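Biologist: Please take a close look at one part of this model, the packing of its helices. I would like a connected account.

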Amino acid sequence: MSVDESTYRQESADEVVESHEVVQGSARSAAEPAHAERRVSRGASPLATWVNVIYLVLAVIDGLIAIRFVLKLLAANPQAGFARFIDGVTAPLVAPFAGLLGNPGSSNGSQLEVTSLVALAVYALVAWLLTRIVRLVLSRTVTQSRQDFS
């Protein structure tokens, strides 16, 4: 009875696919029954995992800053609990850009907080740059191989 065994591994930016196949017997001979076993494993590649983590952190940061921007634009009550929470969480994120540009306000308390817009753009640029660095460090050449044993 013959045994053919093959292993296959493929990595892409999004996932890793590993396949292991064992074939026992010969399909040509009626005396030897053929039996095939195939096992396929799929999982996220480390590259995809890190890129997703970076974009998740960016989404949280930019989401909080966007809420801050909208609350200031709509002249939300700064003494309200939610407004104080958002302002307290985002103050350290927007602080590096304070004083960079003016924030025009209106007589009704509405404020166009340009520093929040700058912070959104800068954090998006930093996240994009980090994903490029991660792709350079973690990307590899994909090698496909197949082994047959008799």
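Modeller: In this predicted model, helix H1, residues 46-73, packs against helix H2, residues 81-94, at an angle of about 120°, and their axes are 9 Å apart. The crossing of H1 and H2 is left-handed. On the H1 side, the contact is made by Ile61, Leu64, Ile65, Ile67, Arg68, Leu71 and Lys72. Their partners in H2 are Phe82, Ala83, Ile86, Asp87, Val89, Thr90, Ala91, Leu93 and Val94. Sorted by class, the residues of this contact of H1 with H2 are 12 nonpolar, 1 polar and 3 charged.

The loop between H1 and H2 holds Ala75. Most residues other than glycine have a negative phi. Ala75, a residue other than glycine, has a positive phi, near 55°. Ala75 counts as partly exposed because its relative accessibility is 31%, and partly exposed lies between under 20% for buried and over 50% for exposed.

H1 also packs with helix H3, residues 114-138. Here the angle is about 175° and the axes are 10 Å apart. H1 and H3 are therefore roughly antiparallel to each other, the term for angles over 145 degrees. The contact of H1 with H3 has 20 nonpolar, 2 polar and 3 charged residues.

Conventions: Residues are numbered from 1 along each chain as its sequence is written. This is a predicted model: local features need pLDDT of at least 70, side-chain atom pairs count only at pLDDT 80 or more; totals for chains, interfaces and linings use all residues. Side-chain values use heavy atoms; hydrogens and water are left out. Axes are lines fitted to C-alpha atoms, for helices over the stretch in contact, and angles run from 0 to 180 degrees between N-to-C directions. Helices (H or I, at least four residues) and strands (E, at least two) are DSSP runs, numbered from the N terminus. A crossing is left-handed if the near helix is turned anticlockwise from the far one by less than a right angle, and right-handed if clockwise. Contact means heavy atoms within 4.5 Å. Ala, Val, Leu, Ile, Met, Phe, Trp, Tyr, Cys and Pro count as nonpolar, Asp, Glu, Lys and Arg as charged, and the others, Gly among them, as polar. Angles under 35 degrees count as roughly parallel, over 145 as roughly antiparallel, 65 to 115 as roughly perpendicular and the rest as oblique. Buried means under 20% relative accessible area, exposed over 50%, partly exposed in between (1.4 Å probe, protein chains only).
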